[in-house]
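Student: I have a structure open and would like to understand the labels used for it. Could we go through some of them together?

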Amino acid sequence: MAVNIKPLADRVLVEPQAAETKTASGIIIPETAKEKPQRGKVVAVGSGKKDHTMTVKVGDLVLYGKFSGTELKHEDKDYLIMREDDILAIV
């Protein structure tokens with residue numbers, strides 16, 4: 001999947017995964033009670049800064065904070081663009 005958005009410096013473009021629709025015990029979560037997803041797939045990575053090399057790479061599944069990044073819509077898909085520092089873990 002090629003996206004023609006190239007993040008600058010230490011920024012990362014993430015495609016959020018869909019929010020959970022059912023709990024582990026089988027309870028269906030209504031649309032109004034769903035939380036923002038906190039997991040996504042890295043789609044594009046910036047080149048880093050002079051003193052900082054990028055840890056994540058395209059294709060990594062990452063966890064990030066609930067209110068991290070800036071939402072953007074491109075070609076009818078939702079993305080988040082955030083600094084690599086906002087990423088909490090690689091899954």
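Student: Gladly starting with Asp-78: what makes it partly exposed?

Tutor: Asp-78 has a relative accessible area of 48%. Buried means under 20%, exposed over 50%, and partly exposed in between (1.4 Å probe, protein chains only), so 48% makes Asp-78 partly exposed. Do keep in mind that this is a predicted model, where local features need pLDDT of at least 70, side-chain atom pairs count only at pLDDT 80 or more, and totals for chains, interfaces and linings use all residues. Residues are numbered from 1 along each chain as its sequence is written, and side-chain values use heavy atoms, with hydrogens and water left out.

Student: Why is Lys-73 called exposed?

Tutor: Lys-73 reaches 57% relative accessibility, which is over 50%, so it counts as exposed.

Student: How do you know that Lys-73 forms a salt bridge with Asp-78?

Tutor: The closest N and O atoms of the two are 3.5 Å apart. A salt bridge is a side-chain nitrogen of Lys or Arg within 4 Å of a carboxyl oxygen of Asp or Glu, so this pair qualifies.

Student: Why is Asp-10 called buried?

Tutor: Asp-10 has 6% relative accessibility, under 20%, so it counts as buried. Arg-83, at 34%, is partly exposed.
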